[in-house]
Amino acid sequence: MSNFWHWTVITVVVLHLVAYLWLLFSTAKIKTEKQDDNTTGHVWDEDLTELDHPMPRWWLWLFVITIIFAGIYLYLYPGLGNYKGSKEWTSINRFEANYAAVSDARDKSFAGFINKPIDALIQDDQAMMIGQRIFANHCAQCHASDAQGNVGFPNLTDDDWNWGGEHSDIVTSITNGRMGVMPAFAPALGEDGTKQVAAYVRSMSGIEHDATLAAEGEAKFGMFCAACHGVDGKGQHLFGAPNLTDDIWLYGSDAIIETALYEGLSGNMPSQQGILDENRIKLVAAYVYSLSNK
């Protein structure tokens, strides 16, 4: 804040406090002597008059106390431009202190199970309850509350894993995020080649397909697709390439195959490293692992 605004804020605040005091005492009309007639001089209907009683002293001094309190508060805490207050209180310091206290309490609650091996951890009801709550707060927006995903977001309850389904693989996915890219093959395959390879992919999953096109697409699959998906089409965790033989389709159905080949696809699992600490990542990964290893 510049000096101009610093002094502007101070001036406005102080003038307000002074104005409140002046308004109180200028309208208080506190009497020092008893008077017989306490009317304003206004008369209606010959006998209806308006009284002019002073404010009750307790009510007046209550307002004075609030103004004094405001002055003390502005001395102790920020409120006058750049002045930090004698206590130098800030909301970020308060947040950090509270967060540190919460983190310490959380770490103590994790101490009893966080170092367990994964097979024992998924049998710990308390650990799984905490993992489920972390999942609900940070993962359910994409993967759904039941973890069965949606179009473009994988189902976490089956055994189909693009990047590996071991606990350590899931921890890595949550920590670092994943970037899946299916390049467009339109320039290389053309429209006819795309239909041929799509037919061959359908044949690997046992889906209805054109056998003639599939036979023509097998060689092209080996040339353009096998490097990532493997010669047998069962995918490779190293590249995040999905298994094409199990009839499980991340983007909804086998109808997307030709589009994926022609235009390409991309997906991003954001890193949670800056949001979740190591212990919470381990717990939510254990919860996800438990969903497909019951």
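This is a predicted model: local features need pLDDT of at least 70, side-chain atom pairs count only at pLDDT 80 or more; totals for chains, interfaces and linings use all residues.
Q: What is the expected span of a helix?
A: The expected span is 1.5 Å times one less than the number of residues in the helix. H12 has 14 residues and reaches 20 Å from its first C-alpha to its last, close to the 20 Å expected.

Q: Is H12 mostly covered or mostly open, and how many of its 14 residues are buried?
A: Mostly covered: 11 of the 14 residues of H12 are buried. Among them are Arg-280, Ile-281, Val-284, Tyr-287 and Leu-291. The cover over the buried residues includes H3, helix H4 (118–121), helix H5 (125–138) and H7.

Q: What goes on at the start of H12?
A: Look at Asp-277 there. One of its side-chain oxygens comes to within 3.3 Å of the backbone nitrogen of Asn-279.

Q: How are two packed helices described?
A: By the angle between their axes and the distance between those axes. Take helix H1 (residues 3–28) and H2: their axes come within 11 Å and cross at roughly 170°. Angles over 145 degrees count as roughly antiparallel, so H1 is roughly antiparallel to H2.

Q: Which residues make that contact?
A: On the H1 side, Val-13, Leu-17, Tyr-20, Leu-21, Leu-24, Phe-25 and Ala-28; on the H2 side, Trp-59, Leu-60, Trp-61, Phe-63, Val-64, Ile-67, Ala-70 and Leu-74. By type, the contact divides into 15 nonpolar residues, no polar and no charged. As for the spacing, an α-helix has 3.6 residues a turn, so residues three or four places apart point the same way.

Q: Where is Lys-84, and is it buried or exposed?
A: Lys-84 sits in the loop between helix H2 (57–76) and helix H3 (91–110). Exposed means over 50% relative accessible area, and Lys-84 is exposed because its value is 59%. Leaving aside neighbours within four places in sequence, Lys-84 touches Tyr-77, Pro-78 and Trp-89. Its C-alpha lies 9.4 Å from that of Leu-74, 10 residues away along the chain.

Q: Which residues other than glycine have a positive phi here, such as Ala-147?
A: Ala-147 has phi near 65°, and Asp-247 has phi near 60°. Ala-147 is in the loop between helix H6 (140–143) and helix H7 (167–176), while Asp-247 is in the loop between helix H10 (226–229) and helix H11 (257–263).

Q: Why does Ala-147 count as buried?
A: Because its relative accessibility is 1%, and buried means under 20%. Asp-247, at 43%, counts as partly exposed.

Terms used
Residues are numbered from 1 along each chain as its sequence is written. Side-chain values use heavy atoms; hydrogens and water are left out. Helices (H or I, at least four residues) and strands (E, at least two) are DSSP runs, numbered from the N terminus. Buried means under 20% relative accessible area, exposed over 50%, partly exposed in between (1.4 Å probe, protein chains only). Contact means heavy atoms within 4.5 Å. Axes are lines fitted to C-alpha atoms, for helices over the stretch in contact, and angles run from 0 to 180 degrees between N-to-C directions. Angles under 35 degrees count as roughly parallel, over 145 as roughly antiparallel, 65 to 115 as roughly perpendicular and the rest as oblique. Ala, Val, Leu, Ile, Met, Phe, Trp, Tyr, Cys and Pro count as nonpolar, Asp, Glu, Lys and Arg as charged, and the others, Gly among them, as polar. A polar contact is a pair of N or O atoms within 3.5 Å; within protein, one must be able to donate a hydrogen and the other to accept it, and residues adjacent in sequence count only if both atoms are side-chain atoms.
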